[in-house]
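Student: I am new to this structure and would like to go through its disulfides. Please show me the sequence and the model.

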Amino acid sequence: MLPIPHRRAAATRAAVAVAAGALVFAGLPGSAFAQAEPVASPFPSPAESAAVGKTSPGVLKAMQRDLGLTSAQAKARLVNEAEAGADAGALRNALGRDFAGAWVHGATSHKLTVATTDAADIPLIEARGARARVVPYSLAQLDAAKAGLDRAAKQEATRDAPVWYVDVRSNTVVVRAVKTGAARSLVSAAGVDSSLVQVERTRERPRPLYDLVGGDAYYMGGGRCSIGFPVTKGAQQGFATAGHCGRVGTATTGYNRVAQGTFQGSIFPGRDMAWVATNTQWTATLYVKGPGGQRVGVGGSTQSPVGASICRSGSTTGWHCGTISQHNTSVTYPEGTISGVTRTTVCAEPGDSGGSYISGSQAQGVTSGGSGNCRSGGTTFHQPINPLLQQFGLTLRTTGGGGDPGPGEPEPGDTWAPGQVYAAGDSVTYGGSTYRCLQAHQAQVGWEPAGTPALWEAA
């Protein structure tokens with residue numbers, strides 16, 4: 001029995017409940033309503049089955065510990081975040097150039113705010129059950145400004161202005177700087193309008209977590225890193241990890257020091273992504289290592305929204321949870337600038353590098369670097385998993401999907417395909433119809449567009 005906070009109007013509840021009914025397979029965030037005050041319910045809702053049903057008890061316990069939640073609040077938060085991702089995706093498609101970002105807040109993430117540059121969009125946003133905020137700059141404008149900073153960073157020294165990102169909450173591009181002069185130099189070199197930029201002072205000097213282990217350990221010569229997520233490439237098995245852990249050709253041994261595999265692809269700096277192909281002694285499972293050594297199932301790779309809960313596995317510090325602060329962040333390490341990572345409030349320490357980030361049952365990314373520790377707190381950055389899978393043509397090993405195709409049958413010429421990574425706004429055809437993607441994810445058999453309203457809407 002799950003008390004669920006409610007944040008939807010009656011008309012939206014009916015529509016969403018119908019959509020959620022199709023999402024009863026494990027781990028996939030579905031569109032479903034939730035309620036503001038706890039109320040007793042005699043049966044699990046479709047949303048509970050979709051967003052919470054296959055989430056590991058260890059993940060829920062870690063969320064309670066680190067986010068200060070009750071068991072019911074942790075479950076309700078996952079339900080609300082699943083719905084918010086679909087609602088935000090639909091509104092992004094509907095608002096087009098006006099869209100300026102979305103975020104969740106509240107102890108159970110029951111409040112979704114969607115920003116727009118046009119006040120005329122307010123009724124459309126509120127009809128979806130979200131709060132509207134009118135702001136000066138669209139997400140496209142902010143992304144363009146950040147892209148300018150990324151380009152300038154290739155020529156400018158950014159060690160004293162090591163982190164910058166698009167912050168949808170403040171409708172600015174934030175540059176976190178040890179020395180404000182370094183931030184101003186970067187903005188000037190980029191030719192970015194200073195009104196779009198907010199400079200924040202920081203003492204943080206992020207660095208790659210070279211000697212950290214997330215999930216099971218693996219070794220490269222005298223170094224040690226962590227397995228992120230098991231993957232396959234055709235018949236070849238292996239795992240995703242951080243690029244700073246090794247270069248192409250670097251040999252690895254496993255946690256037991258038995259010969260394991262070789263780095264097949266690695267990017268660092270610029271991005272922080274890599275994958276290792278393993279020998280036949282090793283089998284890619286469907287899990288990551290959870291608290292107490294228990295296995296946590298990976299249901300897919302649907303990206304969670306800003307403000308959502310997220311947990312990290314690391315052999316140095318164990319399981320810790322926090323929230324997603326910003327996507328599309330750039331961070332400067334001593335070796336260079338990394339772009340496109342996600343900034344989080346999860347703590348980490350040396351020994352956690354390359355390890356797994358997961359929201360509920362959905363893979364989010366692999367540990368890149370950070371600052372602080374798990375005694376006093378800090379921030380960490382993870383390389384999102386979907387771009388990594390797309391870059392190297394990998395398929396995530398999951399417990400989700402694998403069922404019969406959803407309503408509608410594929411037709412010759414359909415463009416939707418399992419294993420393909422889709423971003424929000426991408427269009428595909430399936431069963432002769434056109435669909436738009438609502439949330440970034442890697443497609444799986446059993447997650448066809450016609451049967452997954454949390455991931456796709458009819459165009």
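Student: Which cysteine does a disulfide join to Cys347?

Tutor: This is a predicted model, in which local features need pLDDT of at least 70, side-chain atom pairs count only at pLDDT 80 or more, and totals for chains, interfaces and linings use all residues. Residues are numbered from 1 along each chain as its sequence is written, and side-chain values use heavy atoms, with hydrogens and water left out. A disulfide is a pair of cysteine sulfur atoms within 2.5 Å. At an S to S distance of 2.1 Å, the partner of Cys347 is Cys374.

Student: Is the disulfide of Cys347 and Cys374 left-handed or right-handed?

Tutor: The torsion about the S-S bond decides this. For Cys347 and Cys374 it is about 95 degrees, so the disulfide is right-handed.

Student: Is Cys374 buried, partly exposed or exposed?

Tutor: Buried means under 20% relative accessible area, exposed over 50%, and partly exposed in between (1.4 Å probe, protein chains only). Cys347 has 11% and is buried. Cys374 has a relative accessibility of 22%, so this residue counts as partly exposed.

Student: What is the handedness of the link of Cys311 and Cys321?

Tutor: A disulfide joins Cys311 to Cys321, with S to S 2.0 Å. The angle about the S-S bond is 95 degrees, and the link is right-handed.

Student: What is the handedness of the disulfide of Cys225 and Cys245?

Tutor: Cys225 and Cys245 are joined with S to S 2.1 Å, and both are buried. Their torsion about the S-S bond is about -80 degrees, so the disulfide is left-handed.
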